[in-house]
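Please look over the sequence and the structure shown below. The paragraphs that follow lead through the fold step by step.

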Amino acid sequence: MKIYSTKQIAAIDAFTIENEPISSIDLMERAAGELCKCILEKFPEPISCKVFVGPGNNGGDGLALARMLAENKYTVEVYVLQISSHLSADATTNLQRLKLLGNIALFEIDAAEAIPWIFPDDLVIDAIFGAGLSRPIAGFALDVVNAINASEATVVAIDIPSGLMGEDNSQNNRKGIVKADITLSFQFPKLAFLFPENEAFVGDWKVLSIGLHPDAIEKGKTPFKMLSRDFVKNLLMPRKKFDHKGTYGHGLLISGSYGKMGAAILASRASLRSGIGLLTSHIPRLGYQILQTAVPEAMVSIDRSDIIFTEYPDLSQYKAVAIGPGIDKKQNSFRAMVDLLKEVKVPVVIDADAINIIGEHPELKEHLPMGSVFTPHVKEFERLVGESKDSYTRNCMQREFAQKHSICLILKGAYTAIACPNGNCYFNPTGNPGMATAGSGDVLTGIILSLLSQGYPSRIAAIIAVYLHGLAGDLAAEEVGVEALTAGDIISYLPKAWLSLKK
Ligand SMILES: NC(=O)C1=CN([C@@H]2O[C@H](COP(=O)(O)OP(=O)(O)OC[C@H]3O[C@@H](n4cnc5c(N)ncnc54)[C@H](OP(=O)(O)O)[C@@H]3O)[C@@H](O)[C@H]2O)[C@@H](O)CC1
Ligand SMILES: [K+]
């Protein structure tokens with residue numbers, strides 16, 4: 001699914017009106033109908049509802065929805081905020097339609113004293129501002145936002161919580177944004193929904209299809225996309241009858257150190273559970289028996305050091321390399337990594353302390369092999385790319401870094417973002433908070449190495465791996481719950497995740 005900016009959505013909206021064709025008031029009626037259907041499903045018993053309405057078409061949606069809820073036996077009170085001297089044309093029409101219905105309490109409010117008391121069992125509909133918000137909320141509208149946020153009522157935001165910008169909130173006043181429990185967004189999620197600091201405003205979000213014109217949706221260009229099962233499934237390469245293990249490549253995994261051999265085991269197992277033909281795990285000497293016993297399918301290359309990574313084997317036979325899980329960042333490891341980055345000609349997955357080493361030695365950024373894949377969490381990202389005060393700015397830095405160095409930069413977290421060398425950025429919907437656990441990243445690294453070794457291009461390998469990793473985590477969480485979930489469980493559910501993806 002594409003993620004468009006609010007400006008682009010307004011253009012798609014206008015295209016729909018002109019080319020479906022449909023009048024804007026009818027499109028609003030269709031949108032409000034979808035809102036109403038969804039609210040009736042979520043709250044089937046009629047309840048008391050307070051609708052706060054602003055001057056634009058978001059307010060118009062609120063007015064149309066108020067009428068529909070009243071027709072469905074809800075007790076509805078409508079508060080039209082006197083923010084501007086006039087309402088939008090469609091909001092005006094819907095205000096008249098509401099008045100014709102007759103049985104709705106309708107108030108115009110223009111001061112803090114006029115704001116009603118909001119009861120805990122009220123349903124609040126936030127229709128103050130939508131995609132047309134052009135600046136932070138101030139003045140009396142801010143008092144209304146504060147009153148909504150201070151209440152214990154359930155809050156449903158139409159399209160986007162009032163006060164939240166669709167994309168860039170770096171200059172916004174975070175105290176002037178409605179905290180919704182549910183956001184019902186038209187046709188597309190907004191980019192801002194995917195950033196952690198906005199979760200408190202957006203709550204659970206749901207996209208309602210309102211039939212915007214498919215041509216405009218298809219033709220529009222945006223760097224942002226949400227991954228879906230079908231999209232990922234279509235990227236998979238079929239396995240053929242006469243294929244042999246050589247067909248699926250030989251990967252080199254450099255991982256483990258004293259006290260962190262578990263990382264090597266997890267990454268190796270994940271790699272082998274994701275279709276790699278041959279895997280060599282390069283580990284410090286002390287890990288030999290551990291790895292041979294725990295992962296008999298892997299071949300082992302032994303470092304001269306007992307406890308850390310200080311050298312690597314001849315690279316000529318490998319289709320891809322991964323470095324980082326559990327390696328530590330001692331001086332000798334740094335030296336070996338410099339040599340590796342200078343010599344290696346195949347894509348490299350760079351994870352954990354391998355990222356930190358590059359962060360501490362920025363000159364290494366000039367030697368990043370093209371098509372490499374970085375897998376930082378936020379802290380590692382900051383060491384590698386730099387700090388930022390909010391997620392939107394971080395996303396801009398992420399995309400810029402990926403383009404500048406021709407690499408894939410995966411920022412791990414809820415809605416893991418994959419920035420690609422061509423400027424595109426994919427967000428991943430699979431995964432759950434149970435996966436925020438030790439070793440989860442090692443598993444992801446192993447899967448990416450596996451896919452690169454099989455010949456998937458970096459961008460595709462990153463996309464499939466991230467989606468699959470989250471899917472395995474979701475399947476595991478269904479059985480063991482999020483608290484008990486371990487990285488080993490993610491590997492255990494990789495077979496089911498592959499089967500589910502290919503279904
Ligand atoms: N896309 C679709 O397909 C469909 C979209 N639909 C709906 O339309 C919504 C977008 O409508 P919209 O463009 O009228 O914008 P909306 O946010 O209601 O208000 C803009 C008004 O507020 C004003 N204003 C802005 N900021 C302000 C501030 N801080 N403080 C004070 N005033 C401020 C601004 O004035 P100005 O910035 O010009 O000063 C303008 O007057 C969208 O979210 C969805 O709900 C559906 O109906 C059907 C299909
Ligand atoms: K809103």
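**A guided reading of the fold**

Within strand E6, Ile-182 is the bridge partner of Val-156; strands (E, at least two residues) and helices (H or I, at least four) are DSSP runs, numbered from the N terminus. The model is a predicted one, in which local features need pLDDT of at least 70 and side-chain atom pairs count only at pLDDT 80 or more, while totals for chains, interfaces and linings use all residues. Residues are numbered from 1 along each chain as its sequence is written, and chains are lettered from A and ligands numbered from 1 in the order in which they are written.

Strand E5 and strand E6 (residues 182–186) run parallel and are joined by three bridges; two strands count as paired if DSSP finds at least two bridges between them. Both belong to an open sheet of seven strands, in the order E3-E2-E1-E4-E5-E6-E7, with parallel pairing. Strand E3 (105–109) and strand E7 (204–208) are at the edges and have a single partner strand each, so one side of each is left without a neighbour in the sheet. From one strand to the next, the twist averages 20°. Angles run from 0 to 180 degrees between N-to-C directions, and axes are lines fitted to C-alpha atoms, for helices over the stretch in contact.

One pair of bridge partners is Glu-77 and Ala-105, the latter in E3. Helix H3 (residues 57–71) packs on the sheet and touches strand E1 (48–53), E2, strand E4 (123–127) and strand E5 (154–158). The direction of H3 makes about 160° with that of E1.

E4 and E5 pair in the parallel sense over four bridges, and Val-124 stands opposite Val-155 in E5. From E4 the chain crosses through helix H5 (residues 139–150) to E5, in a right-handed β-α-β crossover; right-handed means that, with the strands pointing away from the viewer, the path from the first strand over the helix to the second runs clockwise.

Is E5 enclosed or left open by the rest of the structure? Four of its five residues are buried, so E5 is largely enclosed. A residue is buried if 20 or more other C-beta atoms, placed from the backbone, lie within 10 Å of its own, exposed if 12 or fewer, and partly exposed in between. Ala-138, in the loop between E4 and H5, is exposed, with 9 other C-beta atoms within 10 Å.

The domain assignment gives domain 1 (6–222) and domain 2 (229–502); such bounds come from an automatic or database domain assignment. Their C-alpha centres lie 42 Å apart. Eight residues of domain 1 are in contact with nine of domain 2, contact meaning C-beta atoms within 7 Å, placed from the backbone.

Helix H12 (residues 352–360) has eight of its nine residues buried, so H12 is largely enclosed by the rest of the structure. Its buried residues include Ala-352, Ile-355 and Ile-358. Among the elements that cover them are helix H11 (331–343) and helix H15 (440–453).

Finally, the largest nonpolar core has 154 residues, of which Val-51, Phe-52, Ile-418 and Ile-448 touch the most other members. Such a core is a set of buried Ala, Val, Leu, Ile, Met, Phe, Trp, Tyr and Cys residues joined through C-beta atoms within 7 Å.

How values were computed. Two residues are in contact if their C-beta atoms, placed from the backbone, lie within 7 Å.
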